[in-house]
Amino acid sequence: SIDLDTLVHLWQDPATAWCRQRFGVAPRAAAETAGDDEPFDINGLEHYRLVDRLLDSGDRAAQLDRDQADGRLPLGSLGQSARERLLGELAVFDAVLATDRVIDPLNIRVEGADFRLDGALDPAPTGNVLRRAHAGAHPTERARLALAIRLLAWNAWQVQQGAETGGGLVIAREEAVEIPAHGADAVERLTELLTLSRRALAAPLPFFPRTAWSLHERRGRTPDEQFAGILSGPWSDEREAPAVALAWRGREPIDADAIQLMLRVWELLLPEAPTEPVAPKAKKPKRGRA
């Protein structure tokens, strides 16, 4: 059995998920770790990360507690003020989705031969569309990933319920991105993703969200062009993450198999948009001569 939020967090950072599974703790960069001094303010980048995590969390109070325990928020009255400010900002995004929010979230359960996935979709889908908000101007790879995983789980649930599958929409400040609905193979796609998830917890899995998205955008190019794109793309930053360094311990994680794995994950999560067949125009009957 696995929780939907846990599945999303795993794929947003598989190296951190593996470190937590293996060592019981996730390493952080020295600049991010809580020091002896209590934080009294939140800088711009950390503020953005806090809001984005809260938007993606099913339990905002619990997420704030975790951030406070990790030293990202001050304690006492200053911490309470910071929490209230963050929740106030989130109310702006909630207002965008207000027309789609219902009193209760939609609880789903998808069962397969060797798995059970439980989760809550909040806000619940309306108009057969699953919507999520993102704090930035444009949806990031992590935001797309979070929506895509939830959409796949919801579509798999719909298939098992015998319902028509719906699409997804991630809404940022300046852009909204649609993800098409999965078809009847949603359960099979989810099953494969969960098999990969078990691998990711058993041993480090070479899936790095920003690099994977960069590969997905170059998926029609040659292997040499894909490798070149990785070297000049986000991998130079992702490889320096403490969890990646600990999980791989100096080994180079990206090879041809890793590239195919990253492409396959996005292939599972992003179905091709269906195209409506165009009916041929009926020919007008020729009129006979009088």
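Which residues touch the most other members of the largest nonpolar core? In this predicted model, that core comprises 60 residues, among which Leu7, Trp11, Ile149, Leu190, Trp266 and Leu269 touch the most other members. The element that gives the most to this core is helix 6, spanning residues 141-161, with a contribution of 12 residues. For Trp266, when neighbours within four places in sequence are left aside, the contacts are Glu141, Arg144, Leu145, Ala148, Phe207, Pro209, Ala212, Trp213 and His216.

Charged side chains were examined next. A search of the whole structure identifies 8 salt bridges. One of them joins Asp5 to Arg150, with the closest N and O atoms 2.7 Å apart, and this pair links distant parts of the chain, since Asp5 lies in helix 1 (residues 4-12) and Arg150 in helix 6, 145 residues apart. Arg150 has a relative accessible area of 2% and is therefore buried.

A salt bridge also forms between Arg189 and Asp185, whose closest N and O atoms are 2.9 Å apart; here Arg189 counts as buried at 18% relative accessibility, whereas Asp185, at 35%, is partly exposed. In helix 12 (residues 256-269), Glu267 and Arg264 lie 3 residues apart, about one turn of the helix, and their side chains meet in a salt bridge with an N to O distance of 2.2 Å. Glu267 is partly exposed, with a relative accessible area of 44%, and Arg264 is likewise partly exposed, at 29%. Finally, a network of salt bridges links Arg109, Arg116 and Asp118.

Note on methods. Residues numbered from 1 in each chain as written. Predicted model: local features only at pLDDT ≥ 70, side-chain atom pairs only at ≥ 80, totals over all residues. Heavy atoms only, no water. Core = buried A, V, L, I, M, F, W, Y, C linked by side-chain atoms within 4.5 Å. Buried < 20%, exposed > 50% of the residue type's maximum accessible area, 1.4 Å probe, protein only. Helix = DSSP H or I, 4+ residues; strand = E, 2+ residues; numbered from the N terminus. Contact = heavy atoms within 4.5 Å. Salt bridge = Lys/Arg side-chain N within 4 Å of Asp/Glu carboxyl O.
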